[in-house]
Amino acid sequence: MIVPADPLLAVDSPAVTRRSVVRGYEVAVSARRLVKRYKDGTEANRGINIDLRRGEVIAILGPNGAGKTTFLRQVTTELRPSSGRITVFGVDTVRDPERARQMMGIAPQEAGLFESLRVRDHLELFARLKGLSRRAAAAAAAKTMEDLDLVADANRRVRTLSAGQRRRILLGLALVGHPPLLVLDEPTTGLDPAARRAMWNILRRAVGNGASVILSTHYMEEAERLSDRIGIISTGRLIAFGTLAELTACLDCRYRLTFHDSSDPSADLCVERYATFGELQAEIARRRLSEYSIAGATLEDVYLELVGERFPDEAAQGERR
Ligand SMILES: Nc1ncnc2c1ncn2[C@@H]1O[C@H](COP(=O)(O)OP(=O)(O)O)[C@@H](O)[C@H]1O
Ligand SMILES: [Mg+2]
């Protein structure tokens, strides 16, 4: 069902119509029993159910090859589900892919930029592709460059930019025209921590202006700090989904003790997990620890318990490079 456009708004601009349609829905993205089987038989998504609420940020975590990109590419209509259904603000992505896509800003995991275009022209082009008029596109591009701190680079050709600037442009292409849904596949991979934080601020601002966001990430901290709810995909299934507090509450061992083993000063910090605070205290007494730290379980603990392997975090990525 589509909610009619707000009669108080002019409806000749596609952007206005899109916003009006969005207003009627509390769910930005809904995936039901989503299955994706590639031609070679790989079942990359095996029955994923997930709802992204309007105004919410969801982060999807999972090992390499778990099916995150496959999931997001079905949301963006780039891939067709083998079975199941996705709606974007009530629009079925298979039946009406163009309308669904018009409501999204997309930053793919790997994307080519048009190297010979200037930054401003690139943003304007994408704004036009989203249905904005020439004037509206120019204004949207200018606003996005301001938001992303790219004003000084407006006339530079894309091929002359650094990796960090290119990432920002990719995000800019998703943000331009203020689409109500942002689908971002590892938007901050490869950025240094300061640049990553700057991106978070940009995304928070977009959410403050009404956007809903679904993103995948390789950074635990990104999921913890940026998202309202976190989904973990493993071998094509959504094995956990909820707020950080909900996820950690499901753990058997919710307390974490970190200490140095005094018998081996050269050893790494020891981390042990306990079900109750009493058990943890008993262990501190038994080991006669004088220096230690106690913390509640983190997302990393959830990930480790559910996926059975450590998160492929920044350090691990660095080693792989
Ligand atoms: N075009 C394709 N054809 C066949 N298998 C694919 C294709 N794209 C991805 N896969 C496989 O699907 C699984 C999920 O991949 P992907 O969605 O890229 O995972 P992630 O983004 O979580 O790393 C992997 O086993 C991957 O090798
Ligand atoms: Mg991926």
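## Strands and a ligand shell

Ser 30 stands opposite Thr 87 in strand 4. This is a predicted model: local features need pLDDT of at least 70, side-chain atom pairs count only at pLDDT 80 or more, and totals for chains, interfaces and linings use all residues. Residues are numbered from 1 along each chain as its sequence is written, while chains are lettered from A and ligands numbered from 1 in the order in which they are written.

Q: How many bridges join strand 1 to strand 4?
A: Strands are DSSP runs (E, at least two residues), numbered from the N terminus. Two strands pair if DSSP finds at least two bridges between them. Strand 1 (residues 27-37) and strand 4 (residues 83-88) run antiparallel, and the bridges joining them number 5.

Q: Which strands stand at the edges of the sheet?
A: The open sheet has 4 strands in the order 2-1-4-5, with antiparallel pairing. Each edge strand has a single partner strand, so one side of each is left without a neighbour in the sheet. The edges are strand 2 (43-53) and strand 5 (91-92).

Q: Which helix gives the most to the shell around ligand 1?
A: A residue is near the ligand if its C-beta atom, placed from the backbone, lies within 6 Å of it. The residues around ligand 1 include Tyr 38, Asp 40 and Lys 68. Helices are DSSP runs too (H or I, at least four residues). With 3 residues, the top contributor is helix 2 (residues 68-75).
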